[in-house]
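The sequence and structure come first.

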Amino acid sequence: MKSPRSEFFDGCTVAVTGGAGLIGSFVAEQLVDAGARVVVVDDFSKGQRANLKGIADRIEVREGNLEDQAFAEEALGGVEMVFHLASRAFGVGYSSAHHLDMLEHNERINNNLFSAARRTRPARIQVVSSSCVYPDDGPDTVPELPLFTGEPEGVNLGYGWAKRFLEQKAVVFQAQTGIPVSIVRPFNIYGERYTWVGQYSQAIPMLVKRVMDGADPVVIWGSGNQRRNYLHATDCARAMVSVMASGFTEPVNIGTEDTVTMRELVGLICRLSRVSPQVVTDTTKPEGRFIKSADSRRLRTVVPDFHVAVGLEEGIVRMIGWYHASFGVGAAVGAAT
Ligand SMILES: NC(=O)c1ccc[n+]([C@@H]2O[C@H](COP(=O)([O-])OP(=O)(O)OC[C@H]3O[C@@H](n4cnc5c(N)ncnc54)[C@H](O)[C@@H]3O)[C@@H](O)[C@H]2O)c1
C-alpha cells in the first residue's frame, strides 16, 4: 500500500532548488522514494554532487544560478511542484558581518523564483524560511508568531529580513495566483552533508572540527550557556515533505522544544571523540539569543507522525564521520579556509 506521501508525489515532477545542499539533498532523496521525478536546481556554490550520489541516476540536475532570471524560468520549466531551499546559508560569523549581502542575494533569488513561477504555474510551492525571522525578545520556545512587530534576530538581521520578505511574497503570490504556497521555518539544522566554509561555518560543524583538530582549549562563542534546539537534516527534510503533502499553508516551525547548552554540546562532542580538552568561552563573540527552541505543536498537528529519528548523539557520531570524510587522510573535500 502506498503511503499518503507517495500518493501525493508519485509521478509528479518536483523541483528542489538548493537540492544539492545539506537539507535539499535529503528532500530530493525522500521525494525520489515517494515516486517523484526530481529536478535538482543548484549552482553548486555550496551544494555538492556527492550529496546526490545515492540518487544520481534517478534525478535530473539543472545547474545554474537563480540570480539569473532566464535560468530561473528554465529551472522551473515543466515542473509541477517546487521546494525552494536555495539561499545563501552560512554561520553566524558570516551573517552578522554581511547583512546587506545576505539580503540582496536572497532577494534576487526569491524574486526570480516567484516571477518564473507566475509564468510556469506549478501546482504548489514550498518556501523555506527560518527561525531567524523571530525577534530576539520573543519567548524561549517560539510559536509561529506573526512577523509584523520587532526586528528579526539581530545577528541575522539581513538574512532574517530576506526570509520575512520571502514569506510575505509567498502570501501575496498565493492570493493573486491561487497557487498554494507552504511556508516552513526550520530552527538549527545540521548533518553530515554539510559543506565546510571555514570561519563562516555553522556551529556544530565548527565545533566538531575544532575538537577533532585537537584544539585545546576549545573556545565557545558567547557564554556557553546559550541553549539551542538542533534537528538533523534528514528529520527536517521529512517534516518539509510532509508539510507540503498536507496542503497546509500557514507557517510551520520545524524543530522541537528540546534544547542543549553550547557547553553540553561541546561536552558531547568531546566524549564521542574520546578527547578531554579544556573548554573556555569568548564573550566578545556573538552568541545570539540565550534560549531558542521551537514550539512544535503546529508541526505535530499538521504532521501527526512527526518524530525525531536521528537524536543528537547519533547526529554527532555522523558529524564525526563527516569530519573524517572531509578532513581525514585521503579526504575528498579539502578544508577551504
Ligand atoms: N541549516 C540550517 O540550520 C537552516 C535553518 C533555517 C533555515 N534554513 C534554510 O534552509 C535552506 C537550505 O539550507 P541548508 O542548510 O541546506 O544550506 P546549504 O547551503 O547546504 O544549501 C543551500 C543550497 O542552495 C544552493 N544555492 C545557493 N545560492 C544559489 C543560487 N544563487 N542559485 C542556485 N543555487 C544556489 C547552494 O549551492 C546549496 O546547495 C536555506 O533556504 C536556508 O536558509 C537552514
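Helices (H or I, at least four residues) and strands (E, at least two) are DSSP runs, numbered from the N terminus. The model is predicted: local features need pLDDT of at least 70, side-chain atom pairs count only at pLDDT 80 or more, and totals for chains, interfaces and linings use all residues. Residue numbers start from 1 along each chain as its sequence is written.

**Leu-85**

Leu-85 sits in the loop between β4 (81–84) and α4 (92–95). A residue is buried if 20 or more other C-beta atoms, placed from the backbone, lie within 10 Å of its own, exposed if 12 or fewer, and partly exposed in between. Leu-85 counts as buried because it has 28 C-beta neighbours inside 10 Å. Two residues are in contact if their C-beta atoms, placed from the backbone, lie within 7 Å. Not counting residues up to four places away in sequence, Leu-85 touches Val-16, Thr-17, Gly-18, Gly-21, Ile-23, Gly-24, Val-27 and Val-128.

**Helix pairs**

Two packed helices are described by the angle between their axes and the distance between the axes. Axes are lines fitted to C-alpha atoms, for helices over the stretch in contact, and angles run from 0 to 180 degrees between N-to-C directions.

| Pair | Axis angle | Axis distance |
|---|---|---|
| α7 (203–212) and α11 (312–327) | roughly 65° | within 10 Å |
| α2 and α8 (233–246) | about 55° | 8 Å |

Angles under 35 degrees count as roughly parallel, over 145 as roughly antiparallel, 65 to 115 as roughly perpendicular and the rest as oblique. α7 and α11 are therefore roughly perpendicular to each other, whereas α2 and α8 are oblique.

In the α7 and α11 pair, Ile-204, Pro-205, Val-208, Lys-209 and Met-212 of α7 meet Met-319, Ile-320 and Tyr-323 of α11. In the other pair, α2 contributes Leu-22, Ile-23, Phe-26, Val-27, Gln-30 and Leu-31. These meet Ala-233, Thr-234, Cys-236, Ala-237, Arg-238, Met-240 and Val-241 in α8.
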